[in-house]
Amino acid sequence: MSGPVSIGAKPRQRSRVPVGLIVTATLLTVATLAVIWLVAVPVGPVVCPAIMPPPTNCMPSYREGTAIVITAASLVIYIATVVAAFTVGRQRPATVMAGIVLLGIMLLGAWPLIGLLPGFPTSLV
């Protein structure tokens with residue numbers, strides 16, 4: 001037998017963590033990182049003019065600097081989304097959805113940002 005139960009007391013229900021939203025956020029982050037490091041940095045912009053010196057967005061070393069910043073931003077958004085999912089996401093799933101929307105924007109904007117922005121070198125040597 002269990003302890004005394006008061007009449008009218010409702011059993012406490014645990015709110016479930018939105019697992020589907022966390023999986024979606026993880027897939028978007030992995031896709032963004034793949035686009036950054038497998039497409040945008042090695043390939044870069046589609047057309048580079050044949051001038052010397054080439055524009056900075058045509059040099060892989062400059063694209064790497066921009067890619068590092070976008071990678072860091074994507075990871076910060078992902079971590080914030082997962083933390084929100086485990087804390088306030090149970091009561092307010094809209095906060096988690098906002099993070100997922102931002103990750104989707106990062107996925108769509110990663111290649112144009114890296115390929116078209118002037119960038120900066122990753123080393124000062």
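These legends walk you through several close-up views of a predicted model.

Residues are numbered from 1 along each chain as its sequence is written. Because the model is predicted, local features need pLDDT of at least 70 and side-chain atom pairs count only at pLDDT 80 or more, while totals for chains, interfaces and linings use all residues; side-chain values use heavy atoms, with hydrogens and water left out.

**View 1. The protein chain has three helices and zero strands.** Along the sequence, the pattern reads α-α-α. Helices (H or I, at least four residues) and strands (E, at least two) are DSSP runs, numbered from the N terminus. Of the 125 residues in the chain, 30% count as buried; buried means under 20% relative accessible area, exposed over 50%, and partly exposed in between (1.4 Å probe, protein chains only).

**View 2. Helix 2 covers residues 60-86.** Its 27 residues reach 38 Å from the first C-alpha to the last, close to the 39 Å expected at 1.5 Å a residue (the expected span is 1.5 Å times one less than the number of residues). Look for its buried residues, including G65, A67, I70 and I77. Helix 1 (19-43) and helix 3 (93-116) are among what covers them.

**View 3. Helix 2 packs with helix 3.** The angle is about 170 degrees, with the axes 9 Å apart. Axes are lines fitted to C-alpha atoms, for helices over the stretch in contact, and angles run from 0 to 180 degrees between N-to-C directions. Helix 2 and helix 3 are therefore roughly antiparallel (over 145 degrees; under 35 is roughly parallel, 65 to 115 roughly perpendicular, and the rest oblique). Contact means heavy atoms within 4.5 Å; here the contact includes A73 and Y78 of helix 2 and G99 and L102 of helix 3.

**View 4. The largest nonpolar core has 19 residues.** Such a core is a set of buried Ala, Val, Leu, Ile, Met, Phe, Trp, Tyr and Cys residues joined through side-chain atoms within 4.5 Å. Among those with the most contacts inside it are I36, A67 and I114. Helix 1, helix 2 and helix 3 each supply at least two residues of this core, and helix 1 gives the most, with seven. Leaving aside its neighbours within four places in sequence, A67 touches I36, W37, V41 and I114, all by contact.

**View 5. S74 sits in helix 2.** S74 counts as buried because its relative accessibility is 0%. Leaving aside neighbours within four places in sequence, S74 is in contact with T32, L103 and M106.
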